[in-house]
Amino acid sequence: MWRFTHDPMYREWGWRIFVAFDKYCRVASGGYSGIRDVNSPSHGLDDTMQSFWVAETLKYLLLLFSDDDVLSLETSVINTEAHPLRVVPE
């Protein structure tokens, strides 16, 4: 929605999400882990860093905070796994 509206609210929400990941999921030895119970972060981490977290979540955050000309939404679409695909003109 940021790319279509440029409403700063979307970047604020993205930043809050990143800060929460860093606060609750960062592992001291490196990387990020899942949380066993998101309603109670004190229950600890699940000791697993999912590949989709890097491949999708961080890619969406990168697109949220990058300049619009990094990836044109006129010539590309983004699939559910955050992979950009070129649109082939008919």
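**Starting out**

Before placing any residue I noted what counts as an element: helices are DSSP runs of H or I with at least four residues, strands are DSSP runs of E with at least two, and both are numbered from the N terminus. I also reminded myself that this is a predicted model.

With that in hand, I looked up Asp47 and found it in the loop between helix 2 and helix 3. Its phi is near 60°, a positive value in a residue other than glycine. Is Asp47 buried or exposed? Asp47 is exposed, because its relative accessible area is 71% and exposed means over 50%.

I then turned to His6, which is not a glycine either and has a positive phi of about 55°. His6 sits in the loop between helix 1 and helix 2, the latter covering 8–24.

**The whole chain**

Next I stepped back to the fold. How many helices and strands does the protein have? I found 3 helices and 2 strands, and along the sequence they follow the pattern α-α-α-β-β.

For overall shape I looked up the radius of gyration, which is 16 Å, while a compact globule of 90 residues would have one near 12 Å. The C-alpha atoms fill a box of roughly 50 × 25 × 20 Å along the principal axes.

I noted that buried residues make up 18% of the 90 residues. The protein exposes about 6,900 Å², and carbon and sulfur atoms supply 59% of that area. As for contacts with a separation of 6 or more, 29% of them join residues 24 or more positions apart.

**The largest pocket**

Then I went looking for pockets. The largest pocket holds about 300 Å³ of space. Which elements give two or more residues to its lining? They are helix 1 (2–5) and helix 3 (51–65). I listed the lining residues as Met1, Trp2, Arg3, Phe4, Tyr10, Tyr60, Leu63, Leu64, Leu73 and Ile78. By class I count 9 nonpolar, no polar and 1 charged residues in this lining.

**The second largest pocket**

The second largest pocket has a volume of about 170 Å³. Among the residues that line it I noted Phe21, Cys25, Tyr32, Ser33, Gly34, Thr48, Gln50 and Trp53. What classes make up the lining of the second largest pocket? Here I have 8 nonpolar, 4 polar and no charged residues.

**A stop at Lys59**

Lys59 has a relative accessible area of 24%. I call Lys59 partly exposed because 24% falls between the 20% and 50% limits.

What does Lys59 touch, leaving aside its neighbours within four places in sequence? Lys59 is in contact with Val54, Glu81, Ala82 and His83. I also looked up Val70, which is 11 residues from Lys59 along the chain; the C-alpha atoms of the two are separated by 12 Å.

**Where to look again**

For a return visit, I would find the two positive phi values at His6 and Asp47, and then follow helix 3 (51–65) to the largest pocket.

Key: Residues are numbered from 1 along each chain as its sequence is written. This is a predicted model: local features need pLDDT of at least 70, side-chain atom pairs count only at pLDDT 80 or more; totals for chains, interfaces and linings use all residues. Side-chain values use heavy atoms; hydrogens and water are left out. On a 1 Å grid over the protein atoms alone, a cavity is a set of points where a 1.4 Å probe fits but cannot get out, and a pocket is an open set with protein on both sides within 12 Å along at least five of seven lines; lining residues have an atom within 4 Å of a point. Grid points are joined across faces, edges and corners, and a volume is the space filled by probe spheres set on the points. Ala, Val, Leu, Ile, Met, Phe, Trp, Tyr, Cys and Pro count as nonpolar, Asp, Glu, Lys and Arg as charged, and the others, Gly among them, as polar. The radius of gyration is taken over C-alpha atoms; the globule rule is 2.2 Å times the number of residues to the power 0.38. Buried means under 20% relative accessible area, exposed over 50%, partly exposed in between (1.4 Å probe, protein chains only). Contact means heavy atoms within 4.5 Å. Accessible areas come from the Shrake-Rupley method with a 1.4 Å probe; for residues, only the protein chains shown count as cover.
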